[in-house]
Each structure stands twice: as C-alpha cells, then as structure tokens.
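This briefing concerns how secondary-structure elements pack and pair in one protein model. It is arranged by topic for reference alongside the coordinates.

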Amino acid sequence: MEYLAGEYDVIVIGTGHAGCEAALAAARMGCKTLVLTLNMENVAFMPCNPAVGGPAKGHLVREIDALGGEMGINTDETNIQVRMLNTGKGPAVHALRAQADKKLYQARMKKVLENQERLDLKQALVERLLVKGESVEGVVTRTGAVFKARAVVITTGTFLRGRIIIGDVSYSGGPNGQAPSLGLAESLKEIGLELGRFKTGTPPRVNRRSIDFSKMIIQPGDEKPHNFSFMSRKRYREQIPCWLTYTSEETHKIIRENLHRSPLYSGMIEGIGPRYCPSIEDKVVRFADKPNHQIFLEPEGRDTEEMYVQGFSTSLPEDVQIKMLRTIPGLERVEMMRTGYAIEYDYLPPTQLKLSLETKKIKGLFSAGQLNGTSGYEEAAAQGIIAGINAALYVRDREPLILKRSDAYIGVLIDDLVTKGTNEPYRIMTSRAEYRLLLRQDNADLRLTQMGRSVGLVDDERYRVFEQKSRLIEQEKNRLAETSVAPLEEVQNFLLSKGSSEIKQHTLLIDLLKRPEISYADLRRLMGDFPDLPEEVAEQVEVQVKYEGYIKRQLEQVERFKKLENKKIPEWIVYDEIKGLSTEARQKLNKLRPLSVGQASRISGVSPADISILLVYMEQKRREAPEEA
Ligand SMILES: Cc1cc2nc3c(=O)[nH]c(=O)nc-3n(C[C@H](O)[C@H](O)[C@H](O)COP(=O)(O)OP(=O)(O)OC[C@H]3O[C@@H](n4cnc5c(N)ncnc54)[C@H](O)[C@@H]3O)c2cc1C
C-alpha cells in the first residue's frame, strides 16, 4: 500500500560517488534534500581499485573541491598513500593520486551525509519514478513509500539490471554481493528514456599474509605530503606502500588454454567494457607479443589484510583465477579472498541529456555518474556535483551552471558525453582537453571557486582562502615585475651556477623567472628578502610567469572558441527547413538539439560546411525577425 512519506525540494537516488556529491551540493545550497540508497553500509563504496586521482582524474577531484564538493577533503582525510605523478613533465599533466582506505573513506563520507543540515539519508530501494505530464514529481520505493520533490537526481551506477558473471556462472546482482535495481530500469523505459548495456570488471582480492613481497618491487608514497583539497592542511601521514610484480609466460599460457571458458569470448557477456581498463584475458589476447604485464598489489586499507590485484581484472572461472594468480612471482602460495567478476548493467545513453545533466524528455529529472556511461569514481563525482547544483537551481527557477570545455575537465567530460555520446564506458584523459594548459590541477580553485560561490555552494571560509590566495599571487607577480637586480658578481656567479647566462644590466626578477633554469625558490635564495608566501602561491606565481606565452596563446584560442560557444541556437529552430544541410547533419541536429553553434560543431557527422549553412540561416532569420533571434 503506497503512502506519502515525505516532501522535499530535491531527491537523490544513490549514495555512490555521484550521489554523495549531488546530495551534499543540493543541501548545502539550501534545498530540503533526501538521498536514498539500497544499502547504508555501502555509502561511497569503492567496488573497484582503492585509488582516487591520477592523470585527468586528479584534475576532476580538484575541480570538485574548488566548486565546494567533498571528494577531495574525504580523500585527504582517509588516504594511506599519495603520489604526485608526471612531475618530470609540464604542469598540465602533473596529477595527484592517492590510495584510499576504503572503509575509512566510506565511514567518513557517511558521517558527512548524516550531519549535513537539510539532508535526510534513508535506506530504501526506489522502484518507480513519479512523472506527471513532462515533469518529474517524485519516487516510489519497494515498501510503498512515496517521496515527492520537484527535482530528482538518479545516480544508480552499475546497479540497473545488474548481472554478475564469473566464468559460466551468472546471476542477477549489484557489485560486491549487493542487490540489483530492477524496477527502476523498467520505470525509466516507461517514461520514454532509452537504456543501453555496458559492462565492467574487477580483479580478485588476496590476503596480504599469503604474499611473498621479497619477489616484488616496493612502490612507496611521496615523502612530501600532498592534498587534493585547497582547504586541507598539509600534514604527513604514515604511507603504506604498494608492490609491483608481473604476470609470467605461465600465467598467459593458462589464460590462453581457458579462453573458451571466458564469458568475454563465449558470448555470455553482451555489455561493452571499458577500453582503458581491459581485463587480463583481454590484454593477453590483444597484446599477444608482450611477455608480461604489470601487476600492482594495492592495500585496501590500514586495518585489513585485503590486497587489490591492480591490472588483473577478470571474469574467468574461479578455479582458473586461482591457478593464474599462483603463477605470478610473489603469489605462489596466495589465498584469494574475493573472486574477480564482471558486471553488466544498464546505462542511459547521455545524448538524452542537456549540458546541465537534466534529461531532455522529463523536466526536473537529472542523471549523473556511471549511469551516464562513464567509468570511474572521479568521473561519477564530477557529474554528481553538477547534477546536484543544477537540481537546486532548477527548484529555484535559476539558470543552470554549465561549465565550458575551456573552464574545466568537468566541462570537457559532460560536453563529450551529451554532444558526442559514448559507445563504451567513458574515462577522462588529459588528451581529451584541448585547453589542458589552462585546465591544470594546480589552478582549479582559481578557475572554479567563483562559479561555486555564484551558485551558493562555496562557503565563506573557502571563499576567504580563495580571495587571499588570488590577491597574494597578483601582489607577488607585480612585485617581481617591479623589482630588478643589478649585474653584481654574486648575481652573475649565482646565474652561472644555475647554468644560466649572465645579465648585462639591471634585470627584472620576473624576467629571470621566465628563464627555464631559474625557479622561484632560486630567486628567493638569491635575494633572501622574499615575502614568506604559502607554497601554493609561489607555485602559481612560477607556473603563471614561466608559461605566460603558452597560456596567452591558449587564451586567444579560447576567445575564438567562445565566439561560437556563445552563439546560441534558438529553441524554435526547424532544421528540416534549412536547405543545404546534409541528411546526417539534419538527423543529428534534430536528435541532439544543441544549445550553441559551438556544441553543434562538435557533433560527429556535422561538418564545417553544415555549420556555415546554419550560421547563414540564423543570420537571415535574425534580419527577418530581430526580436526573435
Ligand atoms: C565490478 C566493478 C568494477 C569497476 N571497475 C572500474 C575500473 O576498473 N575503473 C574505473 O574507473 N571504475 C570502475 N568501476 C566503476 C566505479 O566503481 C564507478 O564508476 C563508480 O562507483 C560510479 O559511481 P556512481 O556514483 O555512478 O555509482 P555507484 O558507485 O555504483 O553507486 C550507485 C548507488 O546507487 C544506489 N542505488 C542503485 N539503484 C538504486 C535504487 N533503485 N534505489 C536506491 N538506491 C539505488 C546504490 O545503493 C549505490 O549507492 C567499477 C565498478 C564495478 C562495480
């Protein structure tokens, strides 16, 4: 028997990485928010590798933090190892990666949700969406509870019609022994949304006590502490190492001999898997010439013996998995604690969404996370915070927050999804961002804090820190541009010691800093009387001065990009009446209804010629009826 259980502004379905960010964003923006989850023990559960960050993913975490999100702080508070990757390369690809303590990560995030004002966390299985006309009205749970709200955010991850596959064994289920979500999948189809089928996989977990680490290479964390959040205080934590080993020829032989029992090759798996997270059997088949593949043993936490076998995702039969593991140096007598498996699930092809992550079909219904066809905690959380912000703005009848490709990796991620769609689980990479020199992880706060403030998510303390940092950076850059040094002997000796050339006359410090071989720390040592600035301010001054030329060129590209991006396409446009458009372009434009000419130009199948025809047509219309254009 259904009963009215509560009325809210925003309802979020799911407490995965997307759901947590969405719920916190809406509640922190002042909305009465409800977040529902299948299983409260699994708030912010990490069904896959116990790691946050890495190339491009680390950028997303910093951007979520700059907007006022939680993932960065939660990782800083619960990690067991941090490493800054790619420090030998330019700042655009420097990337922070942390090993998280899974249980601590979950416990802290659950506590944050439980203590968030205006947020109710409840355990319930949502079976159905309530839709009236073209607008969402709420949800109905398996126990008949009806919760009403003007906006609903779905973040059901890998649970929709989840199916677990291990060898020739398969059964209906969510990750890690949880229940699947069946009714909601039907409800989404009933309201006219299309669903596709994807799959992903995870490796076995093994017991640390049964590993011989003497046959592996230790992978320690960085001595120097790093943080994801611009609000976290730097402090050193005892780092727990990971370990590197390799598969052997024997491992590959066992895999080849059992490929006929692999659900990937027997056709048992229909869903499409992530290209950049291939299973070990896929790697052995696709890279047959490679004698071995790297395997990292990653601790799942401080207070557990469970170790994650990174690089060994598999859905081969259990008996084969044990045999394979015991051919790897150091794992000869290993005890497998959890079997690797594949999971197939329904996803929502994201071309059905607007750049705000609202569905085009149902007003007030938003979607975020793995459900939108992505793979990864960071990708999910990035969509979650945007969907949560826009659900709150929708309830307030305010314009949505849309991040452009030139603003953030989050903007690149969402634009790729809703404009180009994806036919495999989408993973963010630095190569996807055309303006990556501007979208560095070190300046996410300078790029996004103001936007988070304008929607009401960034609180006073974060805003104060941001303003102070921005001020100090500008002050120091101005000071370096006004302070010169004379061609004295000690200065010449210093420059020569750095492999830099002598100066002939008084030279501005900012010009010395532009020299690749001279760092800000060098100048501080040379001059001795530098202001005592926070490390992150000095870092910004150095990067902004050294890369000024490149940054300037990229900013010019962005101005050109914005010209087309700001050219809005009127909602009333009828593509069928535009002569000269290619059939493919007409079909794609009708289906996707892009917001701007810029977005239209990124739709595959819409050529530059089509864009010119569209621009001419829009100009004609503007002249005919300027008030409407
Ligand atoms: C087996 C496996 C392997 C993976 N491997 C990788 C990998 O190799 N690399 C990678 O980057 N990512 C991997 N992932 C993906 C990664 O885990 C996800 O990207 C991430 O967890 C997605 O977050 P999310 O918030 O979208 O969904 P999830 O974390 O899946 O959370 C979904 C939430 O929705 C809730 N829910 C679902 N249905 C309902 C309902 N009807 N009513 C109420 N609550 C509901 C669940 O309780 C849960 O809280 C893997 C995931 C799995 C399961």
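The model is predicted. In it, helices α3 and α4 cross with their axes within 9 Å, and an open sheet is built from 6 strands.

**Helix pair α3 and α4**
- Helix α3 spans residues 71–78 and helix α4 spans residues 102–114; their axes cross at roughly 130 degrees.
- On the α3 side, the contact involves Met 71, Ile 73, Asn 74, Thr 75, Glu 77 and Thr 78, which meet Leu 104, Tyr 105, Arg 108 and Met 109 of α4.
- Classed by residue type, this contact of α3 with α4 comprises 5 nonpolar, 3 polar and 2 charged residues.

**The sheet**
- The strand order is β16-β17-β18-β19-β15-β20, and the pairing is antiparallel.
- Strands β16 (217–219) and β20 (336–338) each have a single partner strand, so one side of each lacks a neighbour in the sheet.
- From one strand to the next, the twist averages 35 degrees.
- Within the sheet, β17 (residues 242–246) and β18 (residues 294–299) form an antiparallel pair over 4 bridges.
- Trp 243 lies opposite Leu 297 in β18.

**Helix on the sheet**
- Helix α9 (residues 318–325) packs on the sheet and touches β15 (205–207), β19 (306–310) and β20.
- The direction of α9 makes about 135 degrees with that of β20.

Technical notes:
Residues numbered from 1 in each chain as written. Predicted model: local features only at pLDDT ≥ 70, side-chain atom pairs only at ≥ 80, totals over all residues. Heavy atoms only, no water. Axes fitted to C-alpha atoms, helices over the stretch in contact; angles between N-to-C directions. Helix = DSSP H or I, 4+ residues; strand = E, 2+ residues; numbered from the N terminus. Contact = heavy atoms within 4.5 Å. Nonpolar A, V, L, I, M, F, W, Y, C, P; charged D, E, K, R; others polar. Pairing = 2+ DSSP bridges.
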